[in-house]
Amino acid sequence: MSKLVIEGGVPLCGVVEIQGAKNSILPIIAATLLADDECEISNFPDIGDTHIALEILKALGANSTIHTNSIIVNAAGAYGTEIPDDLMRKMRSSLMFLGAILSKNRRARVSLPGGCDIGTRPVDLHIGALKEMGVVFSEAHGYMECEAKNISPADIVLTYPSVGATENIMLAAAKANGVTTIKNAAKEPEIVDLQNFINAMGGKIRGAGGSEIIITGVKNLHGVKYSVIPDRIVLSTYMCAVAATRGNAVFKNVNTSHVSSVLAALSKAGCKIYDLKDTVALECDRLNAINSLMSMPYPGFPTDAGSPFVAMMAGAAGTTLFVETIFENRFRYVGELLRMGAKIKTEGRAAVIEGQKKLYGAPVEACDLRGGAALVVAALAAEGITSVSHAEFIERGYEHIESVLTELGARIKYEKDV
Ligand code: EPZ
């Protein structure tokens with residue numbers, strides 16, 4: 001167990017270099033299973049989830065080495081078909097390996113995935129799509145056994161634009177014998193990044209970023225050097241932290257077109273934003289409530305940025321309504337914010353945030369990745385000392401958060417319990 005101890009009330013000022021995107025690199029690590037030789041991936045975020053993904057690759061028989069800011073993976077001889085239960089439980093996106101393992105071996109054995117407890121998170125869309133591609137599933141003793149004579153191309157219509165299901169189909173179809181289409185595909189920038197990575201390996205995918213993706217299977221994919229996109233949720237979180245402390249900062253290594261909805265919400269709340277496309281600056285003297293904000297699939301306001309945004313608005317002038325439409329259990333951190341003097345009422349998927357002049361430090365507990373990040377945002381703005389326990393949830397997605405925030409002037413210490 002680890003802990004972040006924060007003495008709040010210091011306006012954050014300075015320059016932040018944004019890490020590579022967690023939700024891009026995870027499916028890209030799975031995609032290395034499809035390559036015939038070595039891949040070098042840069043802008044690698046050194047976070048808990050990428051280490052779990054590399055452990056999965058190792059369990060399947062691949063070699064990887066981590067360098068400063070990059071990894072080299074050779075998964076050509078990785079013909080393993082089973083993801084160990086403990087790794088599967090640690091991270092929901094382990095499910096992403098299923099499409100790639102099936103493409104490579106025509107069979108796989110996985111237990112049902114774990115990950116952050118932010119809702120029921122079913123996997124019916126993944127399974128339904130893979131069934132349409134000829135995969136037969138059976139369940140016994142907590143494991144899913146999956147087998148296919150061939151991965152067949154298919155015309156798949158998703159009933160919801162699931163990010164993970166879209167990525168799994170792309171991975172399964174990249175080397176199938178024919179053309180697969182996905183209608184109502186997820187449009188997130190991480191889907192475009194996966195398309196670009198597979199195409200750089202010699203794949204033939206088009207349409208990512210729109211609602212229809214067309215995947216023409218190819219026989220072979222080769223190794224490649226590739227750099228993943230910047231993490232739009234980490235950027236959104238640090239922007240909320242700077243605004244919550246009424247600071248000003250410059251963020252480098254960003255793609256502002258990926259965060260248009262977040263920038264619009266921050267501007268509406270009174271932040272001054274200077275958008276230079278691959279760099280963005282934020283300045284905040286005063287935060288006003290905004291009437292309402294709703295999370296939506298991309299290009300809407302991202303569910304993952306909802307928690308830090310709510311924490312920021314806990315210290316704004318006036319009342320804001322935030323509605324979470326993607327996951328049903330994303331407000332667990334709100335109870336912890338109440339311990340810090342926040343006035344927030346939740347009812348189902350809605351949170352009514354009555355902004356307070358002052359939040360104060362308290363012992364709080366992170367219960368998922370983004371909820372943990374929300375507590376850090378509130379702690380930075382609060383008067384006094386906050387200890388955020390179970391910081392290991394935060395380390396799953398934020399690279400060296402204590403050093404980044406220290407650079408911005410925060411008084412923050414990282415403590416590891418032995
Ligand atoms: C991805 O999760 C991200 N994870 C999540 O990031 C993110 O919150 C989410 O997309 C939405 O943007 C990764 O990319 C690794 P979904 P994923 O499938 O793929 C329902 C973070 O904090 N659904 O688009 O799991 C599901 O229950 C995280 O970085 C089904 O009903 O999201 C949810 O309500 C957490 N059946 C909705 O769709 C299915 O088979 C969206 O899920 C699949 C999903």
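A charge sits over a ring if NZ of Lys or CZ of Arg is within 6 Å of the ring centre and within 35 degrees of the ring normal. Lys104 meets this rule: Lys104 lies over the face of Tyr79, 4.9 Å from the ring centre. Arg109 does likewise over the face of Tyr143, at 3.9 Å from the ring centre.

The model is predicted, so local features need pLDDT of at least 70 and side-chain atom pairs count only at pLDDT 80 or more, while totals for chains, interfaces and linings use all residues. Residues are numbered from 1 along each chain as its sequence is written, and side-chain values use heavy atoms, with hydrogens and water left out.

Now the aromatic pairs. Rings of Phe, Tyr and Trp (its six-membered ring) pair if their centres lie within 6.5 Å; planes under 30 degrees apart count as stacked, over 60 as edge-to-face and the rest as tilted. The whole structure holds five such pairs. One of them joins Phe197 and Tyr226, with centres 5.3 Å apart. Their planes stand at 80 degrees, so this pair is edge-to-face. Phe197 belongs to helix H7 (residues 189-200) and Tyr226 to strand S13 (residues 225-227), so the pair ties together parts 29 residues apart in sequence. Here helices (H or I, at least four residues) and strands (E, at least two) are DSSP runs, numbered from the N terminus.

Buried means under 20% relative accessible area, exposed over 50%, and partly exposed in between (1.4 Å probe, protein chains only). Phe197 is buried at 0%, and Tyr226 is buried at 13%. Phe322 and Phe331 form another edge-to-face pair, because their planes lie at 75 degrees, with ring centres 6.5 Å apart. Phe322 is buried at 2% relative accessibility; Phe331 is buried at 12%. Ring pairs also join these two with Phe301 and Phe309 in a cluster.

Eleven of the eleven residues of H10 (residues 303-313) are buried, so the helix is largely enclosed by the rest of the structure.

The ligand is surrounded by 22 residues, and the closest are Asp124, Leu125, Ser162, Asp304 and Ile326. A residue is near a molecule if one of its heavy atoms lies within 4 Å of it. For Ser162, a side-chain N or O atom lies 2.6 Å from one. For Val163, a polar backbone atom lies 2.8 Å from one. The protein buries 89% of the 830 Å² that the ligand exposes when taken alone. These areas come from the Shrake-Rupley method with a 1.4 Å probe. Two or more shell residues come from each of helix H1 (22-31), helix H5 (124-132), H6, H10 and helix H12 (369-381). H5 gives the largest share, three residues.

Thr159 lies in the loop between strand S9 (155-157) and helix H6 (163-173). Is Thr159 buried or exposed? Thr159 is exposed, because its relative accessible area is 71%. Leaving aside residues up to four places away in sequence, Thr159 touches Leu125 and Asn184. Contact means heavy atoms within 4.5 Å.

Terms used: A polar contact is a pair of N or O atoms within 3.5 Å; within protein, one must be able to donate a hydrogen and the other to accept it, and residues adjacent in sequence count only if both atoms are side-chain atoms.
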